[in-house]
Amino acid sequence: QVQLEESGGGSVQAGDSLRLSCAASGRTFSKSFMGWFRQNPGKEREFVAAIRWSGSNTYYADSVKGRFTISRDNAKVYLQMNSLKPEDTAVYYCAGNPRASYYSDEYDYWGQGTQVTVSS
């Protein structure tokens with residue numbers, strides 16, 4: 001059993017910042033990439049950012065590049081979100097162990113999601 005748990009979401013105004021965290025519990029698994037995705041009702045889940053565990057190489061969607069930063073320490077994965085926009089409003093999910101490419105939503109493990117709401 002593997003569980004991922006996100007935290008740090010909330011309601012903010014445009015231009016504000018939030019930092020999301022993702023912690024894993026249960027059975028350990030080999031970490032190649034960890035990713036962040038987001039989803040609004042009626043829309044497909046979209047890639048936000050990913051990090052390669054070894055070497056900490058980072059990858060970003062064009063929509064968040066320059067504003068969001070993914071990072072890690074030995075225990076958690078983080079998503080620092082600056083200059084938030086209303087279009088960033090979504091449920092944000094942490095994902096582990098991609099089956100294909102890091103930018104595809106084909107991961108073995110997913111968190112329950114944390115809500116981020118950005119007001120105009």
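Strands here (E, at least two residues), like helices (H or I, at least four residues), are DSSP runs numbered from the N terminus. With that settled, here are my notes on the structure.

1. **Ground rules.** The model is predicted: local features need pLDDT of at least 70, side-chain atom pairs count only at pLDDT 80 or more, and totals for chains, interfaces and linings use all residues. Residues are numbered from 1 along each chain as its sequence is written, and side-chain values use heavy atoms, with hydrogens and water left out.

2. **The cavity.** You will find one cavity of 30 Å³ or more in this structure. A cavity is a set of points, on a 1 Å grid over the protein atoms alone, where a 1.4 Å probe fits but cannot get out; lining residues have an atom within 4 Å of a point. Grid points are joined across faces, edges and corners, and the volume is the space filled by probe spheres set on the points.

3. **What lines the cavity.** The lining of the largest cavity is made up of L4, C22, A23, A24, K31, M34, W53, A75, K76 and V77. Which strands each supply at least two residues of this lining? They are β3 (18-26) and β8 (76-81), and β3 gives the largest share, three residues. Sorted by type, the lining has eight nonpolar residues, no polar ones and two charged ones. For this count, Ala, Val, Leu, Ile, Met, Phe, Trp, Tyr, Cys and Pro are nonpolar, Asp, Glu, Lys and Arg are charged, and the others, Gly among them, are polar.

4. **Strand partners of β3.** Two strands pair if DSSP finds at least two bridges between them. Strand β1 (residues 2-7) pairs with β3 in the antiparallel sense, over six bridges, and E6 stands opposite C22 in β3. The pairing of β3 with β8 is also antiparallel, over six bridges; here L18 stands opposite M81 in β8. As background, side chains in a regular strand alternate between the two faces of the sheet.

5. **V118.** This residue lies in strand β11 (residues 114-119). Is V118 buried or exposed? V118 is buried because its relative accessible area is 5%, where buried means under 20%, exposed over 50% and partly exposed in between (1.4 Å probe, protein chains only). V118 and A14 are 104 residues apart in sequence, yet their C-alpha atoms are 5.8 Å apart in space. Not counting residues up to four places away in sequence, V118 touches V12, Q13, A14, L84, K85, P86, D88 and T89, with contact meaning heavy atoms within 4.5 Å.

6. **Aromatic pairs.** The structure holds nine aromatic pairs. Rings of Phe, Tyr and Trp (its six-membered ring) pair if their centres lie within 6.5 Å; planes under 30 degrees apart count as stacked, over 60 as edge-to-face and the rest as tilted. F33 and Y102 are stacked, because their ring centres are 5.6 Å apart and their planes meet at 25°. This pair links distant parts of the chain, 69 residues apart: F33 is in strand β4 (residues 33-39) and Y102 in the loop between β9 (90-98) and β10 (107-110). F33 counts as buried at 12% relative accessibility, whereas Y102 counts as partly exposed at 22%. Y102 and Y103 form an edge-to-face pair, because their centres are 5.3 Å apart and their planes stand at 85°. Y103 is partly exposed, with a relative accessible area of 49%. Ring pairs link F33, F37, F47, Y59, Y102, Y103, Y107 and W110 into a cluster.

7. **R67.** Look for R67 in the loop between β6 (58-60) and β7 (68-72). R67 is a charged residue that counts as buried, at 12% relative accessibility. Leaving aside its neighbours within four places in sequence, R67 is in contact with Q80, M81, N82, S83, L84, K85 and D88.

8. **Two positive phi values.** Most residues other than glycine have a negative phi. S83, although not a glycine, has a positive phi of about 50°; S83 sits in the loop between β8 and β9 and counts as partly exposed at 41% relative accessibility. N97, also a residue other than glycine, has a positive phi near 60°. N97 is found in strand β9 and is partly exposed, with a relative accessible area of 21%.

Note on methods:
On a 1 Å grid over the protein atoms alone, a cavity is a set of points where a 1.4 Å probe fits but cannot get out, and a pocket is an open set with protein on both sides within 12 Å along at least five of seven lines; lining residues have an atom within 4 Å of a point.
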